[in-house]
Amino acid sequence: MKRASSQLLLQLLFFGLTVSAQTVSPMIVECGKKCRGEFSITNNGLTPLAVTVEARSFSLDTLGRATNRPLDPAVELKLEEGSARISPKGTHTFAYQMKCADPSCSVVLLSSMVVGHTAEGILVRVQLAHTIYACEKQKDCRKKVRAVAGVTVK
């Protein structure tokens, strides 16, 4: 596992220009228990890009590191589409609706894309995150979720 991680980091260094060409916007949103939103993936590269989106719930440890898990049963999420092909220099917007039955929910929408391959033929995949913090009251939702986890809030 460590060897695979090391190889991936090494490949990201070689593919740095390609990796930096893909962007997600906005990265983080806060909303109430019911929210409707969207995020955009931009392909600044010169080749078309296939993107898939996967929803995951997450929790934070006391250092603020996230642990992803399957989507919690308290979260009802509707993605208008789960994948798209983005043309060179193009942007695609993914829309969603989300309801949270718990006092707060933390969800990440991971956009995965293959940005190249190694000389050995191993595909290099990048994941960009759009993070949603949903609380009963939208104001300072992210800060509240971080405080509950024991993360030092600055």
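**The cysteines, close up**

Guide: Cys 135 and Cys 141 are both buried, where buried means under 20% relative accessible area, exposed means over 50%, and partly exposed is what lies in between (1.4 Å probe, protein chains only). Before going on, a word on where this comes from: the model is predicted, so local features need pLDDT of at least 70 and side-chain atom pairs count only at pLDDT 80 or more, while totals for chains, interfaces and linings use all residues. Residues are numbered from 1 along each chain as its sequence is written, and side-chain values use heavy atoms, with hydrogens and water left out.

Back to our pair. Cys 135 and Cys 141 form a disulfide, with 2.0 Å between their sulfur atoms; a pair of cysteine sulfur atoms counts as a disulfide within 2.5 Å. The Cys 135 and Cys 141 link is right-handed, with 75 degrees about the S-S bond.

Searching the whole structure turns up two disulfides. Cys 100 and Cys 105 make up a pair too, their sulfur atoms 1.8 Å apart. The link of Cys 100 and Cys 105 is right-handed, at 75 degrees about the S-S bond, and both Cys 100 and Cys 105 are buried. Number the bonded cysteines of the protein in sequence order and the pairing reads 1-2, 3-4.

What about Cys 31 and Cys 35? Cys 31 counts as buried because its relative accessible area is 8%. Cys 35 is buried as well, because its relative accessible area is 10%.

Now for some lysines. Lys 137, Lys 139, Lys 143 and Lys 144 gather in a patch of positive charge on the surface. A patch is made of residues with over 30% relative accessible area and no salt bridge, with like charges joined within 9 Å and nonpolar side chains (Val, Leu, Ile, Met, Phe, Trp, Tyr) within 5 Å. A salt bridge, in turn, is a side-chain nitrogen of Lys or Arg within 4 Å of a carboxyl oxygen of Asp or Glu. For a Lys, the place of the charge is taken as NZ.

One of these lysines, Lys 143, lies in helix H3, residues 141-148; helices are DSSP runs (H or I) of at least four residues and strands (E) of at least two, numbered from the N terminus. Lys 143 is partly exposed, because its relative accessible area is 42%.

Notes. Accessible areas come from the Shrake-Rupley method with a 1.4 Å probe; for residues, only the protein chains shown count as cover. Lys and Arg count as positive and Asp and Glu as negative; His and the chain ends are not counted.
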